[in-house]
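Dear colleague,

I am writing to hand over a structure that is new to you. Please look through the sequence and the structure below before you read on.

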Amino acid sequence: MALSFMSNEILDSIVTSAIPEGFESLALACKKFHALCTPFLSRHNLLRSHFYDFTYCEKIHDCTFLIRTAFDLIARIAVEPIVARYILNADFSKDSFFMKGRPRDFNPDIRPENFNIDAQLDCNASVHDLLASSPYFKVAGLDWNEYWTAIDEALENRGYSQHAAAFLLTLLPNTKTLSLPRRWKALDATDKLVNAIISKARQPHLPANKPSLALVTSFRTSYSYGPQERVDLALATPFLALPSLRSFYGLSCVATTPSSSPDHNHTAISREPYHLTFRSETIEAVHLNAGCIDAAGIAAFLAHMPHLRSLRYSHCTKEGTDEGWDICAFITAISHAVGPHLEELSISIRELRGSIALGKVSMRDFQRLRKLEFPLEVAVCNTTYTETSVAGSMKDLRLDDATPILLAALVPPTVTQLSIVSSGIDAHAPALEAVFREFAAKKAQIVPKLEDFHLSCPVSPSAGDKYKEVCERVREECEKGGVVCTLNKWESSARFTWDGEE
């Protein structure tokens, strides 16, 4: 075998070069390589256990792992650079959450295991040198000394450092899933650095010289669900241009036009420099949970995603935004932006303080939709619009006459799995009955591919008696038409598996 003629120095170099990406495969290649890898196994396993699925935490009973801030992790990488290559799943959501009572001169875990536990290394000097050697500042047009001063000031105040959190993103060549800190915010310097990171990640490169974030396939913002929690959707948009990104999970994102929001700081993807650089040719799945986005906001957002296949959105009224929601205009905007290629669509209401605007919506522009979920409020506002509108060809139609049109408008003929969500109030019963009246007779003509239907029918006392009676009649109609109908006892019951679902 050719390996037997190589010197141990060359073989040792091969082994160390393979850590961590190809180390385990190399160790299993043959007995000789396994023997050469054995001295590195203990350290490899330790680093893998600490950093493969990384999240900020404090292991009180393990003094070798005390990484609670972006600065801690940067310092750890500065002393042992290979640590950065172990981070595959980076959850930075809890950056600086464990800062209470921490002394300014506390040193994070920057000791290899064979270092004396009492040894004190100069964290500041290590990070200082790391910043000085970074190529990203030149690309961003930033002075690294000024940037370091901003990090140091945050450390003096024992608070979250946006500058440190952004610089950390320059050090992650193997990361595949990325969650931003919950305290992530817009700053001119860090915005420029992020744009430099994205620009460099999109450039051609050799496999052995991957730029930071070039391999990220899943990206998410990290906030809570409450009405007080809100993040400008524009903060996330530069990351959506990452070259390998496939899915985006946004929590509590806000994108509303100035005309519909009293808080003009939250606008629909219009703040520089994001709207100039954001375009994704790779994103296939987007989940926007507890968001507050209007029709203009979702249209601007989706215009940059020519290959989107799956979209899930749940609406939540946020403080400082309009309490009502024009869901019909919202769905219409989606159909115009991604209707020709979208395959999965879920629209739901998490919390709505105002009312649904009356309107009319058609799903007919969704040409490839297979899975569809929407709240029954969509049918309610459509039927109400039909009764009250004086415009168009529907002005003389009664509710009964409009029934075939309503079913055809709400469910494209390509759909195989359908879910309609409702709180079960009796006011929803007429709209539900209107959609599915004579369904068995119309099924082959209007929804020929429909096989699986889930309908919310909450247990008493949540659902009204009239609504539950209609649910039973709908189930009978579906069974006559050869469609499996499941009545879910809870409004939030899981229904389908969605692409990119976590």
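The notes that follow set out what was found, topic by topic.

Please bear in mind that this is a predicted model.

Nonpolar cores

The largest nonpolar core consists of 126 residues. Within this core, Trp184, Phe239 and Ile334 have the most contacts. Helix α13 (residues 327-338) supplies the largest share of the core, with seven residues. There is also a second, separate core of six residues, among them Leu11, Ala18, Leu36 and Cys37. As general background, nonpolar side chains in soluble globular proteins tend to be buried together.

Leaving aside residues up to four places away in sequence, Phe239 touches Leu169, Leu178, Leu180, Trp184, Val194, Ile198, Leu213, Phe219 and Leu245. Phe239 also belongs to a cluster linked by ring pairs, together with Trp184, Phe219, Phe248 and Phe301.

Aromatic pairs

The structure contains 16 aromatic pairs. One of them joins Tyr313 and Phe330: the ring centres are 4.7 Å apart and the planes lie at 35 degrees, so the pair is classed as tilted. Because Tyr313 lies in strand β11 (residues 310-316) and Phe330 in helix α13, the pair ties together parts that are 17 residues apart in sequence. Both partners are buried: Tyr313 has a relative accessible area of 2%, and Phe330 has one of 0%.

A further tilted pair is formed by Phe436 and Phe439, with 5.5 Å from centre to centre and 50 degrees between the planes. Phe436 counts as buried at 3% relative accessibility, and Phe439 is buried with a relative accessible area of 0%.

Charges over rings

Two contacts between a charged side chain and a ring may be noted. The charged end of Arg48 sits over the ring of Tyr52, at 4.3 Å from the ring centre. Lys200 lies over the face of Tyr136, and here the distance to the ring centre is 5.9 Å.

Backbone

Most residues other than glycine have a negative phi. Against that background, two residues deserve attention. Ser252, which is not a glycine, has a positive phi near 60 degrees. Ser252 is placed in the loop between β8 (247-251) and β9 (253-255). Is Ser252 buried or exposed? Ser252 counts as buried, because its relative accessibility is 0%, and the cut-off for buried is under 20%.

Glu438 likewise has a positive phi, near 55 degrees, and is a residue other than glycine. The loop that holds Glu438 runs between α16 (429-436) and α17 (439-446).

Cysteines

How many disulfides does the count give? The count comes to zero. Cys485 is in no disulfide, and the nearest cysteine sulfur, that of Cys478, is 4.4 Å away. A disulfide would require the two sulfur atoms to be within 2.5 Å. Cys485 is buried, with a relative accessible area of 11%. Cys328 is buried as well, with a relative accessible area of 3%.

With kind regards

Note on methods:
Residues are numbered from 1 along each chain as its sequence is written. This is a predicted model: local features need pLDDT of at least 70, side-chain atom pairs count only at pLDDT 80 or more; totals for chains, interfaces and linings use all residues. Side-chain values use heavy atoms; hydrogens and water are left out. Helices (H or I, at least four residues) and strands (E, at least two) are DSSP runs, numbered from the N terminus. Buried means under 20% relative accessible area, exposed over 50%, partly exposed in between (1.4 Å probe, protein chains only). A nonpolar core is a set of buried Ala, Val, Leu, Ile, Met, Phe, Trp, Tyr and Cys residues joined through side-chain atoms within 4.5 Å. Contact means heavy atoms within 4.5 Å. Rings of Phe, Tyr and Trp (its six-membered ring) pair if their centres lie within 6.5 Å; planes under 30 degrees apart count as stacked, over 60 as edge-to-face and the rest as tilted. A charge sits over a ring if NZ of Lys or CZ of Arg is within 6 Å of the ring centre and within 35 degrees of the ring normal.
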